[in-house]
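Me: I have a model open and want to learn how to read its features. Please take me through them one at a time.

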Amino acid sequence: MTMIALGGSIGTGLFLASGGAISSAGPGGAIVAYAAIGLMVYFLMTSLAELASYMPESGSFGTYASRFVDPALGFALGWNYWYNWAITIAAELSAATLIIKYWFPGSSSFLWSLLFLALILGLNVLSVKGYGESEYWFAIIKVVTVIVFLAIGVLMIFGILGGKSSGFDNLTTGDAPFNGGFLALLGVFMAAGFSFQGTELIGVAAGESDNPAKNVPKAVRQIFWRILIFYILAIFVIGMLIPYTNPDLLKGDIGSVGTSPFTLVFKKVGLVFAASVMNAVILTSVLSAGNSGMYASSRVLYGLAKEGKAPKLFARLNRRGIPIYAVLLTAAVGMLAFLASFFGDGVVYTWLLNASGMCGFITWLGIAICHYRFRKAYLAQGRSLKDLPYRAKWFPFGPVIAFLICAVVIVGQSMSVISDGRVDWLGLVASYLSIPLVLVLWLGYKWTKQTKVIPLTECNLNPGADK
């Protein structure tokens, strides 16, 4: 479970987006932004650990909201999370075709999308163990890459590799360590938030794990510090070795792997094959994200079907215990990646990424709300906190702070599409499309089913009991 969460959160956000973050806000601004979002993620993870260790559910966030807040909110959060990861599959398939064209520039996007979709589908249809094993090895590749990068970077900082050390010059050049003011810092908050998305996969995986009461808290304790150390140290090393004014940092997108900050550092030390190596690592990263998306979205859809919030067909299991119809529907949404063949790889990838990004923050808001209501209901029904398998520290401070930071990031999303007084209306629609969709789901279900907020004394706190 630790490697699933680690693999879900270390990927293109670190290997590519970190360069743009340093360029925009300077090395100091990037470290502050990633540390602040990391603190928020810590609170969310401990909240989720308390919920998932006490009540492991494949439906996870939607199930918790239905039990502790309002069935209408559970319906909206469940479908939002399914939509989030289903669209992410399509985005990652589009990304994979862009990456593979580094080696095969004239090849067919359609054929590569079909091949990668078949691979991801196969891993998820075989067995739960097949998904877990593949994610473990995907994560191992990424972790080893980061560790090697950090080791080489530290040796370069001290002048042991790559010639004379530049010392702290790059941390103080120009406006460094901070650049661009508050708006630049806010923009990096967005990038940092997207980078950390995927850590909540532990909540979904808990429903099919052995001994979640023991393994979920253990995974949460390990994963937070490892992710935070990897991100903060990596950004520090990049900031020490490459000035934020380097124009190549701005080019760290999915279509130009040669300018990944990791590649720039490797090349600086003389590893001429760095671009190809990083291309292969980033390819495993996007396939890992697509693999996780297939698993997470199909399990949430399965949970919705069990609760009567989706057609019962999606609650059926095959002989291997896989919700096969939920997997197949999710794979069908992933076929949106084939649009890249007609509209261009980069265009499709950007739109799909924007369409799914906000959903993750909405899910995080939901986790904070669910934990707050769960703890209040638990005490209101006369239960002892000593009986919880895991108890989140800093309650109620933790979920409240996480909620507020998440809300600021969501509102601040508009800043990235406004420049020099002009509004990028297409970008604005893509960024905020998820919010009206969730409101329509929530209010529509509430109106048709006449649901109400559940009183704390009536919340269903019995693990395994049907809602």
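Reply: Start with contact, which means heavy atoms within 4.5 Å. Helices here are DSSP runs (H or I, at least four residues; strands are E, at least two), numbered from the N terminus. In this predicted model, L93, A96, T97 and I100 in α5 meet S109, W112, S113, F116, L117 and I120 in α6. By class, that contact has seven nonpolar, three polar and no charged residues. Ala, Val, Leu, Ile, Met, Phe, Trp, Tyr, Cys and Pro count as nonpolar, Asp, Glu, Lys and Arg as charged, and the others, Gly among them, as polar.

Me: What should I know about numbering and confidence?

Reply: Residues are numbered from 1 along each chain as its sequence is written, and side-chain values use heavy atoms, with hydrogens and water left out. As the model is predicted, local features need pLDDT of at least 70 and side-chain atom pairs count only at pLDDT 80 or more, while totals for chains, interfaces and linings use all residues.

Me: At what angle do the axes of α5 and α6 cross?

Reply: Axes are lines fitted to C-alpha atoms, for helices over the stretch in contact, and angles run from 0 to 180 degrees between N-to-C directions. The axes of α5 (residues 71–100) and α6 (residues 109–126) come within 9 Å and cross at roughly 125 degrees. Angles under 35 degrees count as roughly parallel, over 145 as roughly antiparallel, 65 to 115 as roughly perpendicular and the rest as oblique. α5 and α6 are therefore oblique to each other.

Me: Is the crossing of α5 and α6 left-handed or right-handed?

Reply: Compare the near helix with the far one: turned anticlockwise by less than a right angle is left-handed, clockwise is right-handed. The crossing of α5 and α6 is right-handed.

Me: How do α12 and α13 lie relative to each other?

Reply: They are roughly antiparallel. The axes of α12 (residues 261–268) and α13 (residues 274–306) cross at roughly 150 degrees and come within 9 Å. This crossing of α12 and α13 is right-handed. On the α12 side, F262, T263, F266 and K267 meet A274, A275 and M278 in α13. That contact has five nonpolar, one polar and one charged residues.

Me: How many residues does α9 have, and how far does it reach?

Reply: The expected span of a helix is 1.5 Å times one less than its number of residues. α9 (residues 181–196) has 16 residues and reaches 23 Å from first C-alpha to last, close to the 22 Å expected.

Me: Which residues of α9 are buried?

Reply: Buried means under 20% relative accessible area, exposed over 50%, partly exposed in between (1.4 Å probe, protein chains only). The buried residues of α9 include L185, V188, F189 and F196. V188 is 9.3 Å from A17, C-alpha to C-alpha, though 171 residues separate the pair in sequence. A17 belongs to α3 (residues 17–54). A17 is partly exposed, at 28% relative accessible area.

Me: Which backbone angles deserve a look?

Reply: Most residues other than glycine have a negative phi, and most peptide bonds are trans. W394 has a positive phi, near 70 degrees. W394 sits in the loop between α16 and α17 and is exposed at 55%. The peptide bond from F395 to P396 is cis, with omega near 0 degrees. Q450, not a glycine, has a positive phi of about 55 degrees. Q450 lies in the segment after α19 (434–449) and counts as exposed at 58%.
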